[in-house]
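Hello,

Here is the structure I promised to pass on.

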Amino acid sequence: MVQILAKRYNPKDIEKKWHEKWKKENLYRFNADSEKEIFSIDTPPPFTSGTLHMGHIYNHTWIDIVARYKRMRGYEVYFPQGFDCHGLPTELRVEREMNVKKEDRVLFINKCKEWTNIAIKRMKKQFEDIGYSADWSYTYKTMDDSYKKLIQETLIEFYKRGILYRGKHPVLWCPKCETALAKAEVGYIEREGNLYYIDLDSNGHKLTIATTRPEMMPACVAVFVHPEDKRYEKFVGRKAKLPIFNREVPILADENVDMKFGTGAVYLCTFGDEQDIEWQKKYRLPIIEIIDRKGNLTSEAGKYANLSIEDARRMIVEDLIEKGYVRKIKRIRHSVLSHTERSSCKTPIELLPLNQWFINVRDYIEDIIKTAKKMRWYPKYMLQRLIDWSNSMDWDWIISRQRVFGTPIPFWICECGNIISAEDFGLKLPVDPRGDIRTCPKCNGKAVGVKDVCDCWIDSSVTPLIISKWRVNDNFFKNTYPSSLRPQGYEIIRTWAFYTIYRCMILTGKKCFDELLINGMVAGPDGRKMSKSLGNVIEPEEPLKKYSADTIRQWAAGGSLGDDYPFSWEECDHSQRFLTKLWNISRFIEMHLKDFKEIKNNDKIEFRDIDLWIISKLQNLIENCTKNLDNYIFNVPLTDIRSFIWHDLADNYIEMVKHRLYKSEIYGEKSRYAVQYTLNYVLKTILLLLSPFTPHICDEIWNSIYDGYASISNWPEVKKGLMNKRIEKNGDLAIKVLSEIRRYKSENKIPLNNELRKVELIINTKLIREFKKFEEDIKATGRIKEMNIINSDNVDEFEIIISAM
Ligand SMILES: [Zn+2]
Ligand SMILES: [Zn+2]
C-alpha cells in the first residue's frame with residue numbers, strides 16, 4: 001500500500017501529474033535494440049495550422065489506444081509523430097500577420113519556419129494534453145533539411161527512371177491569389193449567372209450553343225452534341241464557324257453531353273471546366289491559352305486582349321448582341337468552382353495550361369492495386385475504395401506548385417530544353433535551385449533553377465521511409481519497415497494512402513504497411529459536418545476544459561471503423577460519470593485491501609460461487625476485449641468494460657459480498673479473504689483493460705494501490721480454467737432474485753437497508769441444488785430475516801413471495 005486514493009476524483013490534477021510523470025520517466029520511449037517484436041506506427045502528420053481539431057483528437061486517440069494496447073501485449077512499440085509543414089495557409093498567414101512579402105524569398109521562408117515551429121509547439125502540447133504516448137525523440141518535420149533531402153533524392157531517382165517528367169497540363173489556378181491549387185483547396189459555390197444562347201453557323205445552318213462563359217469563345221476548339229440527339233444528327237462530323245472570330249471548329253458527338261442542358265449543344269474551350277480537359281485529351285484537340293495568371297485575356301483574344309474576365313465577357317456579349325448572334329439570355333443559378341479553402345477569396349477558379357512536373361501513375365495502377373491487396377484493411381471494404389480510385393485515374397500526378405514555402409524541385413532547365421538534376425551538378429542535397437543559374441553541360445547555355453516547389457503529398461507520401469530511416473540506418477530500417485500499421489481517415493485514401501503505397505513500392509519494391517486502420521470524419525453534435533457557418537464546430541479545448549482527457553478519449557473510442565461519428569456532450573457526461581464511479585469503487589476496494597496479502601496458492605482460498613461468478617465473467621471480458629482490440633474495434637470493448645464495472649462489479653458483486661467484508665465474525669475470516677482476493681484480482685484486471693482507453697485514471701489508481709504503472713504492465717491473460725458457464729448462469733439467477741427483492745422494496749418505499757420479515761422462494765426443482773449456494777448471500781444482501789426455499793416443477797425458474805413485516 002503506497003498511498004491512499006484521494007476522496008474526490010480530480011482529473012485536472014491527476015492528468016497534469018501523469019503527463020509530467022510519463023515525460024520525466026520517459027515511460028513510452030522506443031528502444032530500437034529491444035529483443036521484443038517491434039510494432040511500428042506510421043502516424044498521420046497533421047498540417048501545422050497551430051491547432052488540432054476534433055478530427056485529429058478522434059483519429060489520434062485511436063492510434064494512442066492501439067499503441068498502448070500493443071505495448072501491454074509485449075510489443076516494442078515504435079510510435080513517432082511528425083508534422084506536415086508546407087502549405088498555402090502558412091504562406092497566407094505569414095503574408096498577412098507578419099507582413100512579409102513572398103518576393104523576399106529567403107526572409108519569407110524563414111518567417112514561415114518560425115511560424116511553423118510555434119504552431120508545432122502548440123500542437124504538441126495538445127497531443128500531450130490527451131495523454132498521447134508517442135516517442136517525441138523521433139519527431140520529423142517535413143520542412144527539415146533531412147526530410148527535404150530524402151524527397152529530392154527520390155525525385156531525382158524517379159526522374160532517372162523516367163517516372164518523373166515535365167509537361168504542359170491545365171492546373172486549378174486562383175487568379176486573385178496567383179497560385180495553383182490542389183483539388184482539396186477548391187469547391188463549388190452556388191452563384192447567380194447568365195446562360196447565353198449563341199448562334200454558330202454550319203454550312204448555312206444555324207447551330208445554337210448554350211454557355212455561361214462567352215468570353216472563352218476565342219479558345220473554342222470544338223462543339224459537342226450527344227450522339228443520340230436527333231436534333232443534331234446531321235451536324236456531327238461537320239464544322240461550325242464561330243461568330244466575330246471567324247474561325248472553324250469541328251462538331252463532335254460525345255456521350256457526356258447533357259442533352260437537357262441549354263440547347264443540347266455545347267462548345268469546348270481550353271479550358272472552361274474539367275470536362276473540357278477530358279475531351280481535349282480524348283479527341284486530341286489543340287490548346288488555346290486564353291487566360292493569363294492574373295486572370296486577364298491573352299493576345300489569343302485579339303481585340304479583347306488584356307481585359308479582365310468580367311470586362312471581356314461584357315464586351316464580347318455586347319458585340320455578339322449587336323451583330324445578332326445572341327438568341328436568348330437566361331438567368332440561372334449554377335455551381336462555380338471557387339477558391340473555397342480561403343474564406344476571404346472565393347474567386348472562381350480558372351484551368352490554366354502550364355508547364356508542370358508530373359509523376360507517371362497511370363502505368364503503375366495494376367502494381368499499386370496488387371501491393372494494396374497485400375495489406376490488411378480495417379474495415380475491409382476500404383480496400384475497394386482504393387481499387388476504385390486507382391482504376392479511375394486518367395491523369396498523371398501533378399506534383400509542382402507555384403508556391404514559396406515548400407520542398408524545392410531539385411532541377412535546372414536550360415534554354416536548349418536540357419533538364420539537369422542537382423546530382424548531375426554534383427551538389428549536396430537538399431538544394432534550393434530557385435534563382436540559381438548554372439552552365440548547361442550540354443550546350444554551355446544558361447540553365448535556370450526550377451522555381452516550383454512540391455505538392456504537400458510529395459512530402460507526406462514517404463513517411464514510412466522517413467520513420468524507418470531508409471538509407472540512413474539499415475538495421476533500423478530492417479526492423480521498422482514495412483510499418484505495422486498505417487492509421488488514417490478515409491478521405492485521404494485517394495491521396496495519402498494511394499501515393500504512399502505507390503512511391504514506397506517504386507523505391508523499395510515492397511509494400512509499406514502490413515495493416516491499415518481507417519477512421520471516418522467527426523461531425524458536429526447535430527450530426528452535420530462541422531462548419532463555421534453552421535455554428536456547430538467544437539474545439540478540443542472545450543470538452544477538455546469541461547471534463548478531462550480520459551473523458552474525450554472515451555468519446556473517441558466510441559466511434560466505429562470507417563464510419564463518420566458525431567461529437568456528443570451526452571457521451572462526455574456519461575464518460576465522466578463512469579470515471580467517478582470507477583474512482584469510488586477503487587477507493588472502496590482499496591479500503592478493504594488494507595490488511596490484504598496476496599498468497600501464491602489460490603487452491604487454499606475458500607471461494608463462494610458468487611466470487612467464481614465474477615471471476616468467470618471477467619475471463620469473458622478479457623477474451624472479448626483482446627479479440628476486439630486485435631481487430632481495431634474500440635467501441636465494443638469499452639462498452640463491455642464499462643458495463644462490467646457498473647453492473648457486474650458495482651451493482652451486483654460488491655453488494656453481494658459486503659456482509660462478508662464487514663462481518664467476518666459471522667461469516668468467517670477465510671470468507672473475507674476470498675472476497676479480498678477476488679476484488680484485488682478484478683480491480684487489477686479492469687485497470688489493465690481500461691488503461692489503453694483511460695490511462696491517466698488507471699495509472700493513478702494503480703500507482704496508489706499497487707505501485708508501478710498499469711500502462712506498462714502486461715495485458716491480462718484469459719485463464720480458461722476460471723471460465724465456468726454453469727456458475728455464471730446460477731449467479732445470474734441469484735442476481736435476478738435479488739433484483740426482485742430490491743424492486744419490491746423500492747415499489748413499497750422500503751429503504752434498501754431495512755429488514756424484510758419473510759421471503760418465500762419457489763424454485764424449479766432442477767435449479768435448487770445449485771441455487772442453495774447463493775442462499776446465504778441473497779439473505780444477507782436482501783436483509784431477509786427468514787427465507788424459505790421450496791422446490792416445485794410448476795415454475796420455470798422461480799417465484800417469490802415477500803412479506804415486509
Ligand atoms: Zn484565391
Ligand atoms: Zn543547354
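**The zinc site**

Along the chain, the donors of the zinc ion (ligand 1) are spaced as C-x2-C-x161-H-x5-C. Before going further: this is a predicted model, in which local features need pLDDT of at least 70 and side-chain atom pairs count only at pLDDT 80 or more, while totals for chains, interfaces and linings use all residues. Residues are numbered from 1 along each chain as its sequence is written, chains are lettered from A and ligands numbered from 1 in the order in which they are written, and side-chain values use heavy atoms, with hydrogens and water left out.

Which atoms are the protein donors of the zinc ion? They are SG of C174, SG of C177, ND1 of H339 and SG of C345, lying 2.1 to 2.3 Å from the ion. (Donors are N, O and S atoms within 2.8 Å of the metal, or 3.2 Å for Na, K and Ca; water is not among the atoms, so sites may look incomplete.) The angles subtended by the four donor atoms run from 104 to 115°, which makes the arrangement tetrahedral. (Four donors count as tetrahedral if all angles lie between 85 and 135 degrees.) C174 is buried, at 0% relative accessible area, and C177 is buried at 13%. (Buried means under 20% relative accessible area, exposed over 50%, partly exposed in between, with a 1.4 Å probe and protein chains only.)

Elsewhere, three strands make an open, parallel sheet in the order β13-β22-β21. β13 (376-378) and β21 (483-489) are the edge strands, each with a single partner, so one side of each has no neighbour in the sheet. The twist from one strand to the next averages 15°. (Helices, H or I of at least four residues, and strands, E of at least two, are DSSP runs numbered from the N terminus; two strands pair if DSSP finds at least two bridges between them.)

β13 pairs with β22 (residues 513-519) in the parallel sense over three bridges, and R376 has E515 as its bridge partner in β22. Helix α13 (residues 493-508) packs on the sheet and touches β13, β21 and β22, with its direction at about 160° to that of β21. (Contact means heavy atoms within 4.5 Å; axes are lines fitted to C-alpha atoms, for helices over the stretch in contact, and angles run from 0 to 180 degrees between N-to-C directions.) Of the 16 residues in α13, 14 are buried. Just after α13, G509 has a positive phi of about 75°.

**Two buried aspartates in loops**

D42 sits in the loop between β1 (38-40) and α2 (54-72), and is buried with a relative accessible area of 0%. Its side chain makes polar contacts with the side chains of T463, at 2.9 Å, and R486, at 2.8 Å. (A polar contact is a pair of N or O atoms within 3.5 Å; within protein, one must be able to donate a hydrogen and the other to accept it, and residues adjacent in sequence count only if both atoms are side-chain atoms.) Not counting residues up to four places away in sequence, D42 touches residues including S483, L485, W496 and F513.

D455 lies in the loop between β20 (453-454) and α10 (456-460) and is buried too, at 3%.

Best wishes

Technical notes: Tetrahedral: all angles 85-135°; square planar, octahedral: opposite > 155°, others 65-115°.
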